[in-house]
Amino acid sequence: MLIDLALIIVFTKLIGGFVGRFGQPPVIGEIIGGIALGPSLLGWLWPQSQNLLFNAEVMHQLDLISQLGLILFMFLIGLELNPAHLRGKIPLASRVSIAGILLPLLLGAALARGFEIWLPELLPGENQLAGILFMGTAMAITAFPVLARILRDRQLLTKPLGQLVITCAAVDDLLGWVLLAAVVSFSRSGSPLGALPALVYTSLWAVTLLFVLRPLMARLEAHYRKAKRLGPLLMALVFAGAILSAVVTEQTGVHYIFGAFLFGLAIPRYGPLIRRLQLHIEEIVLTLLLPVFFAISGLRTQVGSINGPQLFWALAAVLLVAIAGKFLGTWALARQGGLPQKEAVALGWLMNTRGLTELVILNVGLSIGVISPTLFTLMVLMALITTAMAGPLLHQLGYSNKAA
């Protein structure tokens, strides 16, 4: 397991650095690196490697590490969502985000219904409606962390367009996670009424965190203002809080990722404190733990399973629905809201960025049994393509890395 861990960390980072030279976010290379370690490349070139390097016992250990990485990553997403971004932009951003979610959601659900008739093996779960809803939700998501880094690289984060994009992404993320929580709860319970208790309990925990415990967390901000540092005990309490919050939402019947996300939202929005926490946690998560998640996802991705005309057409349909649904919904409402054509097109392409967030959602869908490994592979390829295309399309619009 330790040998695998060292191999995964170095290999995914090497590939991530390589694609970064071509203007792509490192996450693209890290996901490709994870896929390359799985049956799609390493297992194809050296079939014995799967049993040698990634046997069942080792996979179980690596999966536990990846779950810890996922908890801390979701905590970081919650930490990065700053309500200050929303001030003065809520009306337009909300309309754009809702349209950018609703259209791909409906198209994704329609595609899932088509798959049930055309390729029923792609949606193997007993609860067909859960699979349809999950497919729609997976189409509607935008990757907030990757998007923020793309905007930062192009010096757009402080520009009006960048501020609108990041606000739309924040609203999109919040609505997307709420939708996913509802779908997971519905899938586990099997009925809308059965899903209500899990959603109610999770909502109560969110209210407790944000309105009861958050004032207590103000002491964390007060301590940091005075000491200008976070000691080992305080950092330990932050880590423990994120993990225990994940346990709470797992026990309510939703999923552990939501608890970690909510705990990140509950941290006081004091800029220096947030940056310090990000600095401490990103080093551990992005360098050590998330590469394991990429590898686990890669081992579940079997590009070779797309081996017939029907599956190639299915991939084309997934890409068409994902790209067109997100772009058209976002672009149309941006234009209706008075945004110039160039900026509306840029917004549409940026909101198509799915990245690592899509992998998180897809792994949830695979773990609860609403999508098959083949559909998982199709959707992973969609996540890679929609994220990789953002940079070149922005460059064509004049938003290069050297943009002022």
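Visitor: What conventions apply to the numbering and the values?
Guide: Residues are numbered from 1 along each chain as its sequence is written, and side-chain values use heavy atoms, with hydrogens and water left out. Since this is a predicted model, local features need pLDDT of at least 70 and side-chain atom pairs count only at pLDDT 80 or more, while totals for chains, interfaces and linings use all residues.

Visitor: At what angle do the axes of helix α11 and helix α12 cross?
Guide: Helices here are DSSP runs (H or I, at least four residues), numbered from the N terminus. Axes are lines fitted to C-alpha atoms over the stretch in contact, and angles run from 0 to 180 degrees between N-to-C directions. For α11 (residues 232-252) and α12 (residues 256-266), the axes come within 6 Å and cross at roughly 135°.

Visitor: Which class does that angle give α11 relative to α12?
Guide: Angles under 35 degrees count as roughly parallel, over 145 as roughly antiparallel, 65 to 115 as roughly perpendicular and the rest as oblique. The crossing at roughly 135° therefore makes α11 and α12 oblique.

Visitor: How do the residues of the contact of α11 with α12 divide?
Guide: Contact means heavy atoms within 4.5 Å. On the α11 side, V238, G241, A242, S245, A246, T249 and E250 meet Y256, F258, G259, A260, L262 and F263 of α12. Ala, Val, Leu, Ile, Met, Phe, Trp, Tyr, Cys and Pro count as nonpolar, Asp, Glu, Lys and Arg as charged, and the others, Gly among them, as polar. The contact accordingly comprises 8 nonpolar, 4 polar and 1 charged.

Visitor: Is the crossing of α14 and α15 left-handed or right-handed?
Guide: The axes of α14 and helix α15 (residues 341-350) come within 8 Å and cross at roughly 145°. A crossing is left-handed if the near helix is turned anticlockwise from the far one by less than a right angle, and right-handed if clockwise. The crossing of α14 and α15 is right-handed.

Visitor: Which residues make the contact between α5 and α16?
Guide: Helix α5 packs against helix α16 (residues 355-367) at an angle of about 130°, the axes being 12 Å apart, and the crossing is left-handed. The contact holds 6 nonpolar residues, 1 polar and no charged. Its members are L70, F73, M74 and I77 of α5 with L356, T357 and V360 of α16.

Visitor: How many salt bridges does a search of the whole structure find?
Guide: Side chains of opposite charge can pair when their charged atoms come close. A salt bridge is a side-chain nitrogen of Lys or Arg within 4 Å of a carboxyl oxygen of Asp or Glu. A search of the whole structure finds 6.

Visitor: How many residues apart are D63 and R300?
Guide: D63 forms a salt bridge with R300, with the closest N and O atoms 3.5 Å apart. D63 lies in helix α5 (residues 56-80) and R300 in helix α13 (residues 271-300), so that this pair links distant parts of the chain, 237 residues apart.

Visitor: Are D172 and K326 buried or exposed?
Guide: Their side chains meet in a salt bridge (2.6 Å, N to O). The pair links helix α9 (residues 160-189), which holds D172, to helix α14 (residues 309-336), which holds K326, 154 residues apart. Buried means under 20% relative accessible area, exposed over 50% and partly exposed in between (1.4 Å probe, protein chains only). Both D172 and K326 are buried.

Visitor: What separates R113 and E116 in helix α6?
Guide: R113 and E116 form a salt bridge (2.9 Å, N to O). R113 is partly exposed at 43% relative accessible area, whereas E116 is buried at 12%. Because they are 3 residues apart in α6 (residues 90-118), the separation is about one helical turn.

Visitor: How many residues of helix α8 are buried?
Guide: The buried residues of α8 are F144, P145, V146, L147, A148, I150 and L151. Helix α8 (residues 144-153) is therefore largely enclosed by the rest of the structure, the buried count being 7 of the 10 residues.

Visitor: What is the phi of K228?
Guide: Most residues other than glycine have a negative phi. K228, found in the loop between α10 (192-227) and α11, is not a glycine, yet its phi is positive, about 60°.

Visitor: Which residues does A383 touch?
Guide: A383 is found in helix α17 (residues 373-388) and is buried, with a relative accessible area of 1%. Not counting residues up to four places away in sequence, A383 touches R354, G355, E358 and L359.

Key: Helices (H or I, at least four residues) and strands (E, at least two) are DSSP runs, numbered from the N terminus.
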